[in-house]
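Here is a short tour of a protein and the things it holds. Keep the sequence and the 3D view open as you read.

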Amino acid sequence: MAKIVAGVGCSHVPAIGAALDMGKTEDPYWKPLFDGFKRSREVLAEIKPDLVIEVYNDHGTAFSLQYIPTFALGVQSEFQPADEGWGPRPVPVVKGDSEFAWHLVESLILDEFDMTIINEMEVDHGLTVPLSLMFGQVKEWPCPVIPICVNVVTYPVPTGHRCMALGKAIRKAVEAYDKDLRVVVFGTGGMSHQIHGERCGLINREWDKNFLDRLTSDPEGLAAVPHKDYIREAGAEGIELVMWHVMRGALGDKVEEAFRFYHVPASNTAVGNIILKSLEA
Ligand code: DHB
Ligand code: FE
């Protein structure tokens, strides 16, 4: 049987991808950030994922503003890195797992989550930057990745509670899959940031730390936090953090924090990374 062994929360700042791709990891601005993620990669490697379900948001790349699915799942066998204006990132193609992806989407839809099925899409920094941070600059990603997209770009975006419920349904679906696979769920985006307007550059370290703490100590309470609290306290783009509730919901009740890293700033953003082991695996 497949099982969810761990969850990863990870920011997705596009400038991190550019710094990696342009060989700037030793620059004084970037070095402390990349040094922190060295340990993340060791911890994740010890967990030995066979497959990643990556919950992320598209930034008007695959979906433009013409179609805005609230929740979508990519069933392709390959996802090319998208050109976001300066050429596609020079990272490996992302290999999916169509058989597992169709199992997941069927299970989720029959469980009354009305997922949009994506047969064809490219993936932007929202997906590839967390992969680079967690797996490094590799020739091939070490395992297949099934993308689940959440709309956090246009209101109304789903609630934290709904995201957590989706995570719980993902857990049920994974446990019903008859291959022995160690699955890790990534929740990506965040932490505090606002990249436009008068409050551009807003960072709230205390709020971010509290968010990381409550993933373990009070996940249900954290999932009930209303959108306006994210926007007021963590900036307009801090709302990306709702995607971390999908990851948390997928882990079951009991988790153990295996690793945490927090760094400010990268571009306009606070960068957070957490690795939670499911104690119910
Ligand atoms: C930045 C952060 C994001 O999450 C994003 O999608 C784009 C830009 C930034 O900090 O520059
Ligand atoms: Fe973003």
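## Ligand 1 and its surroundings

Let's start with Thr269: an N or O atom in its side chain is 2.5 Å from an oxygen atom of ligand 1. That makes a polar contact, meaning a pair of N or O atoms within 3.5 Å; within protein, one must be able to donate a hydrogen and the other to accept it, and residues adjacent in sequence count only if both atoms are side-chain atoms. His59 also uses an N or O atom in its side chain, 2.8 Å from an oxygen atom of ligand 1. With Asn268 it is a polar backbone atom, 3.3 Å from an oxygen atom of the ligand. On its own, ligand 1 would expose 290 Å², and the protein buries 88% of that (areas come from the Shrake-Rupley method with a 1.4 Å probe; for residues, only the protein chains shown count as cover).

Which residues surround ligand 1? Among them are His12, Val13, Pro14, His125, His193, Ile195, Glu240 and Ser267, where being near takes a heavy atom within 4 Å.

A word on the ground rules: this is a predicted model, where local features need pLDDT of at least 70, side-chain atom pairs count only at pLDDT 80 or more, and totals for chains, interfaces and linings use all residues. Residues are numbered from 1 along each chain as its sequence is written, chains are lettered from A and ligands numbered from 1 in the order in which they are written, and side-chain values use heavy atoms, with hydrogens and water left out.

## The iron ion

What holds the iron ion (ligand 2) on the protein side? Its protein donors are His12 (NE2), His59 (NE2) and Glu240 (OE), at 2.0 to 2.2 Å. Donors here are N, O and S atoms within 2.8 Å of the metal (3.2 Å for Na, K and Ca), and the site may look incomplete because water is not among the atoms.

Along the chain, the donor residues follow the spacing H-x46-H-x180-E. Helices (H or I, at least four residues) and strands (E, at least two) are DSSP runs, numbered from the N terminus.

The cut-offs are under 20% for buried and over 50% for exposed, with partly exposed in between (1.4 Å probe, protein chains only).

Strand 7 (residues 145-150) is mostly covered, with 6 of its 6 residues buried. Val145, Pro147 and Cys149 point one way, and Ile146, Ile148 and Val150 the other. In a regular strand, side chains alternate between the two faces of the sheet.

Strand 7 pairs with strand 2 in the parallel sense over 5 bridges, and Ile53 stands opposite Ile146. With strand 3 the pairing is antiparallel, over 3 bridges, and Ala72 stands opposite Cys149. Two strands pair if DSSP finds at least two bridges between them.

## A buried arginine

Arg171 sits in helix 5 (residues 160-175) and is buried, because its relative accessible area is 11%. Leaving aside neighbours within four places in sequence, its contacts (heavy atoms within 4.5 Å) include Ile4, Leu251 and Glu280.
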